[in-house]
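Please look over the model below before reading the points.

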Amino acid sequence: MIAATGALLVVMAALRSLADATGPVCVIDENTLSVNGKRQGGRCHGGTPVRLLAIDAPELKQACKHPSGRGFLCSRFAAGFLLDLVRDKRVFCKGDNRDQHRRLLAICHVNGEDLNARMVREGWALGEHRLSKKYTAEETTAKQANKRLWGMQFTPPWEWRKNH
């Protein structure tokens, strides 16, 4: 019995590590990457789809309003910022679960920096507080500094999705 339990724990640990993904990435959207994916024809193909865990960013068709009054699709800017962070770099994503779209839910790092935290700290994403309080400090910092989203009018992504 003890040997079987030990073997089961080894298998479970191996399966958990199989959920991690490392390599160059293709940015799918403002909070989704494809690790080891390739961009062809304007889309990411192949690789491991990864949803940045515990953060939420504006949806692809979600508009924000700049202080000048001009509306724009802020998700494109969020995705562009994420692309700048990962372009030509090796990314390590660690996660244990998948969402309903079979994406790995993970915290990703590049050069030791937490990408999820950086997106929130720079104001291009919000902490997904219903799941975790992990990025509360980063969000508070961005909000107090009126960074990116916090310096304009926007609807939190989870509220926007309810109506669209």
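The numbered points below go through these topics in turn.

1. The model is predicted. Its values should be read with that in mind.

2. Three disulfides are present in the structure. With the bonded cysteines counted along the chain, their pattern is 1-2, 3-4, 5-6. The partners are C26 with C44, C64 with C74, and C93 with C108. As a reminder, a disulfide is a covalent bond between the sulfur atoms of two cysteines.

3. C26 and C44 are joined with an S to S distance of 1.9 Å. Their S-S torsion is about -85°, so this disulfide is left-handed. C26 belongs to strand β2 (residues 25-29) and C44 to strand β5 (residues 43-45), so the link ties together parts that are 18 residues apart in sequence. Is C26 buried or exposed? C26 has a relative accessibility of 5%, and it counts as buried because the cut-off for buried is under 20%.

4. For C64 and C74 the S to S distance is 1.9 Å. The torsion about the S-S bond is 50°, and the link of C64 and C74 is right-handed. C64 is buried at a relative accessible area of 2%. C74 is buried as well, with 0% relative accessibility.

5. The disulfide of C93 and C108 has an S to S distance of 2.1 Å. Which hand does the link of C93 and C108 have? With 110° about the S-S bond, the link is right-handed. C93 sits in strand β10 (residues 91-98) and C108 in strand β11 (residues 104-110), so the pair ties together parts that are 15 residues apart in sequence. C93 and C108 are both buried.

6. Next, the aromatic rings. The count of aromatic pairs comes to three. One of them is F72 with F77, an edge-to-face pair with 5.2 Å centre to centre and 85° between the planes. The pair counts as edge-to-face because the angle between its planes is over 60 degrees. F72 is buried at 13% relative accessibility, whereas F77 is partly exposed with a relative accessible area of 47%. F72 and F77 also belong to one aromatic cluster with W124.

7. Another aromatic pair is W150 with F154. This pair is edge-to-face too, at 5.2 Å centre to centre and 85° between the planes. W150 and F154 are both buried.

8. Helix α2 can be checked for length. How far apart should the ends of α2 be at 1.5 Å a residue? The 13 residues of α2 should span 18 Å, and the end C-alpha atoms are 19 Å apart, which agrees.

9. The buried residues of α2 are C74, S75, A78, A79, F81, L82, L85 and V86. They cover an arc of only 155° around the axis, so they lie on the same side of α2. An α-helix has 3.6 residues a turn, so residues three or four places apart point the same way. Just after α2, D88 takes a positive phi of about 60°.

10. The last point concerns the strands around β3 (residues 32-35). T32 and S34 point one way from β3, L33 and V35 point the other way, and all are buried. β2 and β3 pair in the antiparallel sense over four bridges, and they form a hairpin with two residues between them. Which residue of β3 does C26 stand opposite? C26 stands opposite S34; C26 is also the cysteine of β2 that is tied to C44 in β5. β3 pairs with strand β6 (residues 48-52) as well, in the antiparallel sense and over four bridges. In β6, T48 is the bridge partner of V35.

Conventions
Residues are numbered from 1 along each chain as its sequence is written. This is a predicted model: local features need pLDDT of at least 70, side-chain atom pairs count only at pLDDT 80 or more; totals for chains, interfaces and linings use all residues. Side-chain values use heavy atoms; hydrogens and water are left out. A disulfide is a pair of cysteine sulfur atoms within 2.5 Å. Buried means under 20% relative accessible area, exposed over 50%, partly exposed in between (1.4 Å probe, protein chains only). Rings of Phe, Tyr and Trp (its six-membered ring) pair if their centres lie within 6.5 Å; planes under 30 degrees apart count as stacked, over 60 as edge-to-face and the rest as tilted. The expected span of a helix is 1.5 Å times one less than its number of residues. The arc is that of the directions from the helix axis to the C-beta atoms. Two strands pair if DSSP finds at least two bridges between them.
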